[in-house]
Amino acid sequence: VQAFSDTIIQNMPSGLIIADKEHNIKSMNRAARQILGREPDFLFPVWVEMISQLTEPSTVISRDIDLELKGSNTKRLEVTASLIEEDQVQRVLFLIKDLTQVHELQQQVETNKRLAAIGKLAAGVAHEIRNPLSSIKGLATYFARRYGNNQADAQTAGILIGEVDRINRSVTQLPEFSKPMAVKRQPVDIDMMIAHSLKLVAHDLETKNIESTVVNSSREGQLHTDPDRMNQVFLNLYINAIEAMTENGCLQILIRDSDSRKHIEIEVKDNGAGMDSSTAEKIFDPYFTTRSAGTGLGLSIVHRIIENLNGTIHVDSVPGQGTSFIIRLPRMIETEQPEGLERKDGQR
């Protein structure tokens with residue numbers, strides 16, 4: 001019976017840790033080691049706090065906590081603590097579940113809701129703003145020519161024209177949220193796609209003396225995707241990376257296969273200023289930007305493009321160390337089937 005119980009505990013999907021009242025870990029199962037990545041020498045402070053709230057054997061406390069593990073890896077865990085007593089010896093039982101992926105999916109759903117909300121307003125707003133903008137820019141251009149001899153007036157008119165252009169750029173990007181995004185998938189050579197996108201920012205890289213490297217460890221030479229849309233994605237990511245880096249920085253593009261080889265991952269990595277977790281959570285929100293001259297729409301459009309290509313994108317960033325955007329795209333079009341393969345409905 002004891003051997004059978006030990007087998008069940010070691011193979012249960014949830015992590016289980018038993019500690020004494022002095023906070024010493026007495027035992028833990030295989031799932032707990034996998035979730036935590038190691039066997040800790042002592043209980044985490046937040047768990048010690050939970051023990052202090054356990055007053056009776058029937059008491060049960062449950063919390064969702066963000067636990068920072070080795071290598072700056074943060075996981076969202078559901079931790080349930082209860083007091084058990086046997087032969088007048090009290091011990092604490094912790095059950096832990098890894099909710100990291102669930103939390104990330106919830107964040108993605110919230111982001112999609114915000115993108116959908118702004119999409120409903122985008123078409124009408126763009127139309128109403130663009131018409132008066134044309135008149136304002138026309139008048140500003142007229143005054144710039146008429147009072148060209150007056151430096152102060154000409155400068156004021158120039159600022160007005162520049163601000164109108166900035167508003168117009170934002171308005172031009174708004175319709176991207178208000179209409180279905182058309183994508184045209186085709187076989188694309190991955191190396192050529194990356195090389196072409198880097199050429200477009202070659203001058204910016206050279207100006208700041210930023211080194212760019214491409215490491216392709218994928219076994220696949222081609223990817224079924226929309227090359228124009230992906231070029232738009234890479235340009236936005238490169239520009240953000242260049243803005244975040246000082247001179248002599250390093251921009252890396254890493255290409256690899258997923259574990260199942262059904263997807264290809266493309267990582268755009270820089271060693272720039274990085275960002276904290278609160279900023280990273282909002283980075284794909286419309287109009288959220290940390291750049292004074294930014295519109296806050298670039299990464300929102302990037303998110304929508306990747307979503308329309310049936311892919312995912314997420315960001316990993318550490319302040320002072322850099323930022324990585326990891327794009328995950330299906331290697332083949334989902335509707336594609338090998339020639340001669342029979343479908344469930346019996347047709348070929």
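## About the model

Residues are numbered from 1 along each chain as its sequence is written. Because the model is predicted, local features need pLDDT of at least 70 and side-chain atom pairs count only at pLDDT 80 or more, while totals for chains, interfaces and linings use all residues; side-chain values use heavy atoms, with hydrogens and water left out.

## Overall fold

The protein has eleven helices and twelve strands. Both are DSSP runs numbered from the N terminus, with helices (H or I) of at least four residues and strands (E) of at least two. Of its 348 residues, 36% count as buried; here buried means under 20% relative accessible area, exposed means over 50%, and partly exposed lies in between, using a 1.4 Å probe and protein chains only.

Taking contacts in the protein with a separation of 6 or more, 62% come from residues 24 or more positions apart. A contact means heavy atoms within 4.5 Å.

## Helices α9 and α11

Let's look at α9 (residues 227-244) and α11 (residues 298-308), which pack at an angle of about 145° with axes 9 Å apart. The axes are lines fitted to C-alpha atoms over the stretch in contact, and angles run from 0 to 180 degrees between N-to-C directions. From α9, Arg 229, Met 230, Gln 232, Val 233, Asn 236, Leu 237 and Asn 240 meet Gly 298, Leu 299, Ile 301, Val 302, Ile 305 and Ile 306 of α11. The residues of this contact divide into eight nonpolar, four polar and one charged. In this scheme Ala, Val, Leu, Ile, Met, Phe, Trp, Tyr, Cys and Pro are nonpolar, Asp, Glu, Lys and Arg are charged, and the others, Gly among them, are polar.

Nine of the eleven residues of α11 are buried, so this helix is largely enclosed by the rest of the structure. Among the buried ones are Ser 300, His 303 and Arg 304. Just after α11, Asn 310 takes a positive phi of about 60°.

## The largest pocket

The largest pocket has a volume of about 1,800 Å³. A pocket is found on a 1 Å grid over the protein atoms alone, as an open set of points where a 1.4 Å probe fits, with protein on both sides within 12 Å along at least five of seven lines; lining residues have an atom within 4 Å of a point. Points are joined across faces, edges and corners, and the volume is the space filled by probe spheres set on them.

There are 49 lining residues, and Glu 104, Gln 107, His 314, Val 315 and Asp 316 lie nearest the centre of the pocket. Helix α4 (residues 100-146) gives the largest share of the lining, nine residues. By type, the lining divides into eleven nonpolar, 21 polar and 17 charged residues.

## Residues to look at

Most residues other than glycine have a negative phi. Asn 209, in the loop between α8 (202-207) and β7 (211-216), has a positive phi near 55°. Asn 248, in the loop between α9 and β9 (250-257), has a positive phi near 65° and is exposed, with a relative accessible area of 56%.

Glu 78 sits in strand β4 (residues 73-86) and is partly exposed at 25% relative accessibility. Glu 78 and Asp 64 are 14 residues apart in sequence and 4.4 Å apart, C-alpha to C-alpha.
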